[in-house]
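Reader: Got the model open. Can we go through it quickly?

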Amino acid sequence: PSLRFWDRLHAYCRSIRPDCFLFGEATVSGAPLRAFCGRLDGCLDFEFATAVRQLVIHGRGIQRFASHVLRAQAFFGPTRRFVRPAFLDNHDTQRFLWGVGNDKQRLRFALGLLFTLGGAPVLYYGTEVALSQPRDNAPWMEESRHPMLWGDGQDQELLADVQQWVALRRQNPG
């Protein structure tokens, strides 16, 4: 949709509920993403997800990751003006845990980055309890969309760690 559409949608939503939070899933970056400032309250930070995946899954240097974080902060200014909710995985990617070979320590490291350096953290269902996937996504994305783990299938230690990250983030918003 056009930027005018987002202007109208934002105004309409605010007329009904002034405290609503409207964010989008725009896969663009840089100036095209900044065009949504004032039209939306934020957009998912795909670049953060890519940077974390490059660092933790593929072992590409910390400098590249740090550069992304600093560049985004400088480009967008204070996060309260235009929030960039950050994530590790979603319905269109391999689950992060699968990507790190089901290594929960590497997942914990990535969660630490998410909760301390990213925008508002967004968890894809199951990440908090170690939901992985049985095989590679190619060519179907359904592998990352398996049913939620329940009961004894959930990793309670990881869940407790995530709950601690959530509590810490609530005490220290980004």
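Reader: Start with C43. Buried or exposed?
Author: Buried, because its relative accessibility is 0%. Buried means under 20% relative accessible area, exposed means over 50%, and partly exposed is in between, with a 1.4 Å probe and protein chains only.

Reader: What should I know about the model itself?
Author: It is a predicted model: local features need pLDDT of at least 70, side-chain atom pairs count only at pLDDT 80 or more, and totals for chains, interfaces and linings use all residues. Residues are numbered from 1 along each chain as its sequence is written, and side-chain values use heavy atoms, leaving out hydrogens and water.

Reader: Fine. How many disulfides does the search find?
Author: Zero, over the whole structure. The cut-off for a disulfide is a pair of cysteine sulfur atoms within 2.5 Å.

Reader: What about C13?
Author: C13 is in no disulfide. Its nearest cysteine sulfur belongs to C20, 5.1 Å away.

Reader: Helices next. How do α6 and α7 cross?
Author: At roughly 15°, with the axes coming within 10 Å. Helix α6 covers residues 104-117 and helix α7 covers residues 156-171. The axes are lines fitted to C-alpha atoms, for helices over the stretch in contact, and angles run from 0 to 180 degrees between N-to-C directions. Helices (H or I, at least four residues) and strands (E, at least two) are DSSP runs, numbered from the N terminus.

Reader: So what is their relative direction?
Author: α6 and α7 are roughly parallel to each other. The cut-offs: under 35 degrees is roughly parallel, over 145 roughly antiparallel, 65 to 115 roughly perpendicular, and the rest oblique.

Reader: Left-handed or right-handed crossing for α6 and α7?
Author: Right-handed. Left-handed would have the near helix turned anticlockwise from the far one by less than a right angle; right-handed is clockwise.

Reader: Which residues make the contact?
Author: From α6: L107, R108, L111, G112, L114, F115 and T116. From α7: E157, L158, D161, V162, W165, V166 and R169. Contact means heavy atoms within 4.5 Å.

Reader: How do those residues of the contact divide?
Author: Eight are nonpolar, two polar and four charged. Ala, Val, Leu, Ile, Met, Phe, Trp, Tyr, Cys and Pro count as nonpolar, Asp, Glu, Lys and Arg as charged, and the others, Gly among them, as polar.

Reader: What is L158 in contact with?
Author: Leaving aside neighbours within four places in sequence, L158 is in contact with L107, R108, L111, T127, E128, V129 and A130.

Reader: A130 is on that list. Where is its place?
Author: In the loop between β4 (121-122) and α7. A130 has a positive phi, near 75°, in a residue other than glycine. At 12% relative accessibility, A130 counts as buried.

Reader: What about phi of N102?
Author: Near 60°, again positive in a residue other than glycine. N102 sits in the loop between α5 and α6. It counts as partly exposed, at 39% relative accessibility.

Reader: Back to packing. At what angle do α3 and α4 pack?
Author: About 165°, with their axes 9 Å apart; α4 is residues 62-76. They are therefore roughly antiparallel to each other. The crossing is left-handed.

Reader: Which residues make that contact?
Author: E47, F48, A51, V52, Q54 and L55 of α3, with I62, R64, F65, H68, V69 and R71 of α4. By class, seven are nonpolar, two polar and three charged.

Reader: And α3 with α6: at what angle do the axes cross?
Author: Roughly 150°, coming within 10 Å; α3 is residues 46-57. That crossing is right-handed. F48, V52, L55, V56 and I57 of α3 meet R106, F109, A110, L113, L114 and L117 of α6. Ten of these are nonpolar, none polar and one charged.

Reader: Last one, D89. Where is its place?
Author: In the loop between β3 (86-87) and α5 (96-99). D89 counts as buried, at 4% relative accessibility.

Reader: What does D89 touch?
Author: R53, Q94, R95, F96, Y124 and T127, not counting residues up to four places away in sequence. D89 and Y125 are 36 residues apart in sequence and 9.5 Å apart in space, C-alpha to C-alpha.
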